[in-house]
Each structure stands twice: as structure tokens, then as C-alpha cells.
Amino acid sequence: MERIGFIGLGIMGKPMARNLIKEGYSLVVHNRSRGPVEELASEGATPASSPKEVAEHSDLVITMLPDSPDVDQVVTGPGGVVEGVRPGMLFVDMSTIAPATTREIYKILKDKGVESLDAPVSGGEVGAKEGTLSIMVGGTEGAFKRALPVFQVVGQNVVHIGGPGAGQITKACNQIVVALTIQAVGEAMTLAKKAGVDPAKVREALLGGFAQSRILDVHGKRVLDRNFQPGFKLKLHRKDLGIALQTARELSLPLFTTAQVAQSMDALLAMDKGELDHSALILLLEQLAGEV
Ligand code: NAP
């Protein structure tokens with residue numbers, strides 16, 4: 001079995017690492033705050049004090065970090081993964097970051113004899129806990145085959161999309177669909193409420209027809225319960241729409257509605273709501289409707 005290094009033990013990373021420990025993998029773990037490191041150490045993982053130390057004691061290093069600068073710093077910064085790698089190792093970034101950053105990191109590690117995969121995920125905290133994530137992978141076929149047994153522990157639907165960066169492009173597409181669907185659900189539920197119709201009944205009716213979706217189901221329920229604890233933080237989803245918009249800009253492609261929803265998210269960030277779940281997108285609509 002490969003020795004696995006795991007860096008980034010937040011909402012997603014901690015349960016993913018835990019599932020690998022339960023499957024019998026030997027794990028070396030690192031995180032910026034020490035709480036989750038100590039927690040996983042008590043469950044059998046080996047704590048490490050830097051990304052470099054993680055790499056030195058692993059065959060395969062996984063990162064699950066917030067954003068492109070975080071992955072860049074953890075890999076190429078002082079005490080970074082690059083300082084601890086050996087030829088033949090495999091690096092797998094499962095964070096959602098810019099495809100351009102992914103490709104830069106691919107080249108840097110390739111020069112050290114290390115293959116990389118970009119393998120962002122969908123399925124949220126629940127999918128991370130249950131080991132049912134959907135994983136979209138970019139990189140070589142050989143590297144994909146090597147990592148597949150590990151992916152199958154943390155996920156269920158694992159698809160090799162194409163070369164380096166292809167996984168991140170797929171994730172950007174995923175985040176567009178999710179954001180715009182949350183906006184649609186939010187608009188529908190706000191309209192129902194404003195018109196004096198029970199949004200719970202509207203959700204129930206729509207779930208049985210063509211408008212049904214997992215987002216209407218899960219996030220519609222969150223809205224009804226007024227449960228905006230993350231989940232997936234709004235500020236991270238805004239980061240993802242930034243990635244989609246920047247990638248589209250590089251291709252001279254307009255993404256009209258994505259840009260509008262990104263602006264709504266900015267308004268919520270300005271109201272200090274970035275740490276809430278992304279279903280909190282509805283709060284802006286409710287405020288505009290005079291219902292807050
Ligand atoms: P999160 O809860 O904020 O976790 C990120 C973790 O990375 C935190 O534990 C943080 O440590 C750690 N970290 C940050 N910078 C670091 C550094 N320089 N060195 C070591 N550790 C560092 O975020 P998340 O929700 O797990 O998301 C992680 C990634 O998965 C993001 O790219 C996100 O877009 C993506 N994603 C999330 C979801 C979801 O539903 N949450 C779903 C799909 C994809 P601290 O404890 O110090 O903050």
C-alpha cells in the first residue's frame with residue numbers, strides 16, 4: 001500500500017483522510033491549525049510539522065486546501081512539498097484551484113521526476129464523510145491508474161477527463177451549474193414567499209417534476225430550516241466563480257449569468273456573510289424582497 005501524505009484537514013480534508021486511515025492506509029498529516037492534526041493522530045495518523053516533512057515520509061501526497069495561492073505556497077513555498085519530494089512520487093491536488101496554477105505546479109514537479117494529478121471533487125461534506133465524492137481527474141493515464149485505488153476509498157464516481165488541468169476545468173463547469181441552480185432555487189422560493197404561497201409546498205411539488213434537482217432538495221431544505229452553517233462556504237464558491245470567469249476571459253468567452261451570480265456573492269461578502277453556506281445566496285434576494 002502507498003504511504004499517503006495528506007495536507008489540508010478542513011471540512012473536506014479531515015473526513016477524507018479519516019476514510020483512508022479506516023481503509024488501512026498509513027497516513028502522514030499536516031494542517032495550518034494543529035487541532036485536526038492532533039485529532040487524526042489520535043486515530044492512527046502520523047503528525048508532520050511541514051509539507052516538506054509530509055513529502056519526505058510519503059509515496060503519494062494529497063492536498064485539500066482552499067485556493068490557488070494556498071496550494072502554490074504549500075508546494076513551492078519555504079518548507080514546501082517540493083523540498084521533500086523524490087523521483088517516482090505522485091502528487092494529487094484535490095482542492096479546487098485555477099487550471100493555470102495546476103499546470104504550473106505540474107511542470108515544477110515534473111522537473112523533479114514527480115507526476116501530478118488535479119483531482120477536484122464534488123459532493124460536499126456529506127460526500128467526504130461517506131466516501132461518495134465525485135472526482136474529476138486531469139493528468140496522465142499512468143498517474144490516474146496509480147491513484148485510482150486511493151480515489152475509490154474517498155469517492156464513487158471517478159472520471160479521468162484528460163491531461164493536466166482538465167479536472168479543474170471540469171470542476172469550474174460544475175461550480176457554474178451549482179451556483180446558477182442555487183440562484184434559481186433562491187429566486188423561486190423568494191417568489192413563492194412574497195406571493196404568500198408556502199415555499200415548503202412549492203419545493204415538495206417541484207421535487208416531483210422536471211425542475212427537481214439535488215440542489216432544490218438539499219439547499220431548499222436548508223433554506224426552509226434557516227440552516228446556513230457550512231457545508232460549502234460562500235466565499236469558497238465565489239473563489240470558484242472567479243476561476244470560471246478568469247478561465248473564460250482567457251478564452252474570450254462571456255459567461256453572463258455566472259458573472260451576475262458572482263456579483264450577488266460579492267454583495268454578501270461585503271455584508272460579512274462569506275463564512276456561511278453557499279445556500280445563503282438566497283439572503284440577498286430576501287433582503288431585496290424586503291423580507292429580512
Ligand atoms: P476549509 O474547511 O477551509 O479547509 C481548508 C483547510 O486547509 C483548513 O483546515 C486550513 O487550515 C488548511 N490550510 C489552509 N492553508 C494552509 C496551509 N498553508 N498549510 C496547511 N494547511 C492549510 O475548506 P474545505 O471546505 O475543506 O475546502 C477545501 C477545498 O475543497 C477548496 O478548494 C474547496 O473549494 C473544495 N471543495 C469544498 C467542498 C465543500 O463542500 N466544502 C466541496 C467540494 C470542493 P486552518 O484550520 O488553519 O484554517
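## Glu43 and its salt bridge

In this predicted model, Glu43 counts as partly exposed, with a relative accessibility of 34%, where buried means under 20% relative accessible area, exposed over 50%, and partly exposed in between (1.4 Å probe, protein chains only). Glu43 forms a salt bridge with Arg18, and the closest N and O atoms of the two are 2.8 Å apart; the term denotes a side-chain nitrogen of Lys or Arg within 4 Å of a carboxyl oxygen of Asp or Glu. This pair links distant parts of the chain, 25 residues apart, with Glu43 in the loop between helix H2 (35-41) and strand S3 (46-47) and Arg18 in helix H1 (residues 13-22). Helices (H or I, at least four residues) and strands (E, at least two) are DSSP runs, numbered from the N terminus.

## Salt bridges within helices

The whole structure holds 18 salt bridges. One of them joins Glu56 to Lys52, with closest N and O atoms 4.0 Å apart, and both residues lie in helix H3 (residues 51-56), 4 residues apart, or about one turn of the helix. Glu56 is partly exposed at 37% relative accessibility, and Lys52 is likewise partly exposed, with a relative accessible area of 29%.

In helix H10 (residues 214-225), Lys221 and Asp225 are separated by about one helical turn because they are 4 residues apart. Their salt bridge has its closest N and O atoms 2.7 Å apart. Lys221 counts as partly exposed at 40% relative accessibility, as does Asp225, with a relative accessible area of 45%.

## Surroundings of the ligand

There are 26 residues around the ligand, of which Asn31, Arg32, Ser33, Pro66 and Lys239 come nearest; a residue belongs to this group if one of its heavy atoms lies within 4 Å of the molecule. Helix H4 (68-76), helix H6 (124-130) and helix H11 (234-250) each supply at least two residues of the shell, and H11 gives the most, with 3 residues.

A backbone N or O atom of Met12 lies 2.9 Å from an oxygen atom of the ligand, and a backbone N or O atom of Pro66 also lies 2.9 Å from a ligand oxygen atom.

## Basis of the values

Residues are numbered from 1 along each chain as its sequence is written, and side-chain values use heavy atoms, with hydrogens and water left out. Because the model is predicted, local features need pLDDT of at least 70 and side-chain atom pairs count only at pLDDT 80 or more, whereas totals for chains, interfaces and linings use all residues.

How values were computed
A polar contact is a pair of N or O atoms within 3.5 Å; within protein, one must be able to donate a hydrogen and the other to accept it, and residues adjacent in sequence count only if both atoms are side-chain atoms.
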